[in-house]
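This report describes a predicted model. The sections below treat its strands, its nonpolar cores and its charged pairs in turn.

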Amino acid sequence: CTMKHDGSDIKIISQSEFSYNNIGYIHARWSPDKTQIVVVGGPESSPDIFPLWLMDMNGNFLRKLSNNGFLPIWKNNNEIIYHKPRGNSIATRQDIYLINIREKKEFIIYQQTDTLVITISDFHNVGNYGIGYLWDKSLGFENEPVITKIKINDWSNYEIISIVFGTIIES
C-alpha cells in the first residue's frame, strides 16, 4: 500500500496471502523516483527461499531480480543493494550484493567473514555510505551488534554510532 503521511489516500498496490509455502511480501522498498518497487517474497517464495522481485506501482511483477535475496535497499534508480544467504536459509551467513536492474548484472560487494559481519539497513548516496549493524570480533563485540555508519566498498571504514547491549532475563 501507499498512503499520505496522515494515513489518508490509501492505495493498495498488491496483495499476497501468507501460507506455509508463501511468505507473502516483505521488505518492500520503492525506488528513489517512486516508479518501481523491489519486494522480497511473492511468487516462488517459501520459508527458505526469498526471491527478489521488481514491481511497477500497479503491483505488476516486471521480473525476478534474484532467486534468493533479503533486505533490499535502493542505491539509486538503477541499482539495488541486498543481502543474499550463502545457503538455503536466511539463518546462514549473508553476503552483500549489488544488482544493476538495467544491465541485469549482479555483483558481490561484500563477503562476510568469521571476524566481520555487516548488515546494511539503509543507504545514503551522499558519501556512499550505509547504516546498519556490524559484528566485529576484533573489537570484542562478536556477540552484540553495534549500529554503524559504513562506507560502501571500503568496509574497514566505519564509524560506530551506538553499541547495542542486550540482556536475557529468565522468568
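## Strand β3 and its burial

Strand β3 is covered on both of its faces: Leu 52, Leu 54 and Asp 56 on one side, and Trp 53 and Met 55 on the other, are all buried. The strand spans residues 52–56, and five of its five residues are buried. The threshold applied to each of these residues is a relative accessible area under 20%.

## Partners of β3

On one pairing, β3 runs antiparallel to strand β2 (residues 36–41), to which five bridges join it. Within this pairing, Gln 36 stands opposite Asp 56 of β3. The other pairing described here is with strand β4 (residues 61–66), again in the antiparallel sense, over four bridges. Here Leu 54 faces Arg 63 of β4 as its opposite residue.

## Ile 37 in strand β2

Ile 37 belongs to strand β2. Its relative accessible area is 8%, so Ile 37 is buried. Setting aside residues up to four places away in sequence, Ile 37 touches Ile 13, Ala 28, Arg 29, Trp 30, Trp 53, Leu 54, Met 55, Asp 56, Met 57 and Trp 74. One of these residues, Asp 56, lies 19 residues from Ile 37 in sequence, while the C-alpha to C-alpha separation of the two is 6.1 Å.

## The open sheet β9-β10-β11-β12

Four strands, in the order β9-β10-β11-β12, form an open sheet with antiparallel pairing. Strands β9 (116–124) and β12 (158–163) each have a single partner strand and stand at the edges, so one side of each is left without a neighbour in the sheet. On average, neighbouring strands of this sheet are turned by 30 degrees against each other, direction ignored.

Val 146 has Ile 163 in β12 as its bridge partner.

In soluble globular proteins, nonpolar side chains tend to be buried together. The largest nonpolar core of this model has 15 residues, of which Ile 81, Ile 96, Ile 109, Ile 118, Ile 120, Ile 152 and Trp 155 touch the most other members. At least two residues of this core are supplied by each of β7 (94–100), β8 (105–110), β9 and β11. Strand β9 provides the largest share, four residues.

Apart from its neighbours within four places in sequence, Ile 109 is in contact with Ile 81, Ile 96, Tyr 97, Leu 98, Ile 152, Asn 153 and Trp 155. There is also a second, separate core of 14 residues, which includes Val 40, Leu 54, Leu 65 and Phe 70.

## Lys 84 and Glu 106

Which parts of the chain does the salt bridge between Lys 84 and Glu 106 link? The side chains of Lys 84 and Glu 106 meet in this salt bridge at 3.3 Å, N to O. The pair links distant parts of the chain, with Lys 84 in strand β6 and Glu 106 in strand β8, 22 residues apart. The two side chains are likewise joined by a polar contact of 3.3 Å.

Lys 84 lies in strand β6 (residues 79–85). Lys 84 counts as buried because its relative accessibility is 19%, and the cut-off for burial is under 20%. Glu 106, at 34% relative accessibility, counts as partly exposed. When residues up to four places away in sequence are not counted, Lys 84 touches Ser 66, Asn 68, Arg 93, Gln 94, Asp 95, Tyr 97 and Glu 106.

## Arg 86 and Asp 95

Side chains of opposite charge can pair when their charged atoms come close. The count of salt bridges in the model comes to two. Besides the pair described above, Arg 86 forms a salt bridge with Asp 95, and the closest N and O atoms are 2.8 Å apart. Arg 86 has a relative accessible area of 43% and is therefore partly exposed, whereas Asp 95 is buried, with a relative accessible area of 4%.

Conventions: Residues numbered from 1 in each chain as written. Predicted model: local features only at pLDDT ≥ 70, side-chain atom pairs only at ≥ 80, totals over all residues. Heavy atoms only, no water. Buried < 20%, exposed > 50% of the residue type's maximum accessible area, 1.4 Å probe, protein only. Pairing = 2+ DSSP bridges. Axes fitted to C-alpha atoms, helices over the stretch in contact; angles between N-to-C directions. Core = buried A, V, L, I, M, F, W, Y, C linked by side-chain atoms within 4.5 Å. Contact = heavy atoms within 4.5 Å. Polar contact = N/O pair within 3.5 Å; in protein donor to acceptor, adjacent residues only side chain to side chain. Salt bridge = Lys/Arg side-chain N within 4 Å of Asp/Glu carboxyl O.
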